[in-house]
Amino acid sequence: MQRTLIIYSSVDGHTKTICEKIANQAKNSEVDILPLDADINIDQYEKIVIGASIRYGKYRKGLYNFIEKNIETLELKENAFFSVSAVARKPEKSKPENNPYFIKFLKQTNWIPKKMAVFAGRIDYPKYKFFDKYAIKFIMLITSGPIDTSKSYEFTDWNDVDTFSKNLNL
Ligand SMILES: Cc1cc2nc3c(=O)[nH]c(=O)nc-3n(C[C@H](O)[C@H](O)[C@H](O)COP(=O)(O)O)c2cc1C
């Protein structure tokens, strides 16, 4: 049976939840899910999937370090990358071709993932600390998003996650 590694770069756990959803669809793969900061050796896997979320306009620095360190091995394998952000809830920023974070990521790394996806994330106001809560509220205000800080909002289209997952053929 082929082995697949799904790596997540997540701060509040939503990207990890997406990874678990993807892993649950596996039929022909034995799947491991690991955080980006684990001690990872990708040699033993045939497929590598990386999912990363955006925070204040950026992926975590560790994501770029990981790709730089593993690019040669990564490219020898089946590989995929997906990005998670709040702005991806907007149709005009919901695809690898039009999502500004994804476009920047492709420019910043030398990696062209064989499969790519963009997913809208989750805003969990009650969970955020004071500064983050009001920073996100401000971002939402200027991007016409929801601003009721007593609520959580999940923008993820789980059908899109399913489609990506099927396409990975795990
Ligand atoms: C402090 C903070 C900053 C964020 N900054 C951005 C941002 O700049 N652009 C964006 O589209 N989404 C932003 N988001 C939304 C996250 O990408 C979204 O909540 C995502 O689901 C987080 O995934 P995670 O739980 O795996 O970290 C931010 C969220 C938080 C909590």
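Modeller: A residue is buried if 20 or more other C-beta atoms lie within 10 Å of its own. This model is predicted, and 34% of its 170 residues count as buried.

Colleague: Which elements does the chain have, and in what order do they run from the N terminus?

Modeller: Five helices and seven strands make up the list. Read from the N terminus on, the order is β-α-β-β-α-β-α-β-β-α-β-α.

Colleague: How compact is the chain for 170 residues?

Modeller: The globule rule takes 2.2 Å times the number of residues to the power 0.38. Here that rule gives 15 Å, and the radius of gyration is 16 Å, close to that value, so the chain is as compact as a globular protein of that length. Along the principal axes, the C-alpha atoms fill a box of roughly 45 × 30 × 30 Å.

Colleague: What share of the contacts between residues at least 6 apart in sequence join residues at least 24 apart?

Modeller: In this chain the share is 78%.

Colleague: In what order do the strands of the open sheet lie?

Modeller: Two strands pair if at least two bridges are found between them. In this open sheet of five strands, the order is β2-β1-β3-β4-β5, and the pairing is parallel. Strands β2 (29–35) and β5 (115–120) are the edges, each pairing on one side only. Ignoring direction, neighbouring strands of the sheet are turned by 15° against each other on average.

Colleague: How many bridges join β1 to β3?

Modeller: Six bridges link β1, residues 2–9, to β3, residues 47–53, and the two run parallel.

Conventions. Residues are numbered from 1 along each chain as its sequence is written. This is a predicted model: local features need pLDDT of at least 70, side-chain atom pairs count only at pLDDT 80 or more; totals for chains, interfaces and linings use all residues. Helices (H or I, at least four residues) and strands (E, at least two) are DSSP runs, numbered from the N terminus. A residue is buried if 20 or more other C-beta atoms lie within 10 Å of its own, exposed if 12 or fewer, and partly exposed in between; C-beta atoms are placed from the backbone. Two residues are in contact if their C-beta atoms, placed from the backbone, lie within 7 Å. Axes are lines fitted to C-alpha atoms, for helices over the stretch in contact, and angles run from 0 to 180 degrees between N-to-C directions.
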